[in-house]
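Hi,

Here is the structure I promised to pass along. Please open it next to this email, and my notes follow below.

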Amino acid sequence: LPSDEVWDMFAGIGPFAVPAAMKGCAVHANDLNPASSHYCAVNLERNLKGRSARAEVHNLDAREFIQNRIAAHQASGGSDGAVRIVMNLPASAPEFMDAFQGVME
């Protein structure tokens, strides 16, 4: 939904972030690899041209990214929609679950 936020912890070049932004979600895409972050930004720019979209690309460690997003979300009072967290790195994603302990319902 357009009122939702999508936090993509391992965004790569944006296979989840771009379609979510095209649907109107506020997207925060992150990847530790600087080249992936760069091309995610390029793909968002190319695909969102002429649209009113809310998308940001970050180049951080996934733990730092999620901690920053949680802090910013709480400081802003949250959003009207749901927060959808994408962890499209199946082999490593479970290692990052501790970043949510005690802060997300």
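**What I found**

Arg69 is buried, with a relative accessible area of 11% (buried means under 20%, exposed over 50% and partly exposed in between, using a 1.4 Å probe and protein chains only). Before the rest, two notes on the basis: this is a predicted model, where local features need pLDDT of at least 70 and side-chain atom pairs count only at pLDDT 80 or more, while totals for chains, interfaces and linings use all residues. Residues are numbered from 1 along each chain as its sequence is written, and side-chain values use heavy atoms, with hydrogens and water left out.

Back to Arg69: its side chain meets that of Glu5 in a salt bridge, at 3.9 Å from N to O (the term needs a side-chain nitrogen of Lys or Arg within 4 Å of a carboxyl oxygen of Asp or Glu). Glu5 lies in strand β1 and Arg69 in helix α3 (residues 62-75), so the pair ties together parts that are 64 residues apart in sequence. (Helices are DSSP runs of H or I with at least four residues, strands are runs of E with at least two, and both are numbered from the N terminus.) Glu5 also counts as buried, at 10% relative accessibility.

A search of the whole structure finds 3 salt bridges. Another of them joins the side chains of Asp4 and Arg84, at 2.9 Å from N to O. Asp4 sits in the segment before β1 (5-8) and Arg84 in strand β4 (residues 83-86), so this pair ties together parts that are 80 residues apart in sequence. Asp4 is buried at 2% relative accessibility, whereas Arg84 is partly exposed at 45%. There is also a salt bridge between Arg63 and Asp98, whose closest N and O atoms are 3.0 Å apart. This pair links distant parts of the chain, with Arg63 in helix α3 and Asp98 in the segment after β4, 35 residues apart. Arg63 is partly exposed at 28%, and Asp98 counts as partly exposed at 43%.

On to the strands. β2 (residues 26-30) and β3 (residues 54-58) pair in the parallel sense over 5 bridges (strands pair if DSSP finds at least two bridges between them). Between these two, the chain passes through helix α2 (residues 34-48), and the β-α-β crossover is right-handed; that is, with the strands pointing away from the viewer, the path from the first strand over the helix to the second runs clockwise. Ala29 has Val57 in β3 as its bridge partner.

Ala29 turns up again in the largest nonpolar core, which has 13 residues; Val6, Val27, Ala29 and Leu44 have the most contacts inside it. (A nonpolar core is a set of buried Ala, Val, Leu, Ile, Met, Phe, Trp, Tyr and Cys residues joined through side-chain atoms within 4.5 Å.) α1 (17-22), β2 and α2 each supply at least two residues of this core, and α1 gives the most, with 4 residues. Leu44 touches Ala17, Val18, Ala21, Ala55 and Val57, leaving aside residues up to four places away in sequence (contact means heavy atoms within 4.5 Å). Apart from this core lies another, of 11 residues, among them Trp7, Phe10, Ala62 and Phe96.

Which aromatic pair is there? The search finds 1, and the rings of Phe10 and Phe96 have their centres 5.2 Å apart and their planes at 70 degrees, so the pair is edge-to-face. (Rings of Phe, Tyr and Trp, the last by its six-membered ring, pair if their centres lie within 6.5 Å; planes under 30 degrees apart count as stacked, over 60 as edge-to-face and the rest as tilted.) Phe10 is in the loop between β1 and α1 and Phe96 in the segment after β4, 86 residues apart. Both Phe10 and Phe96 are buried.

Best wishes
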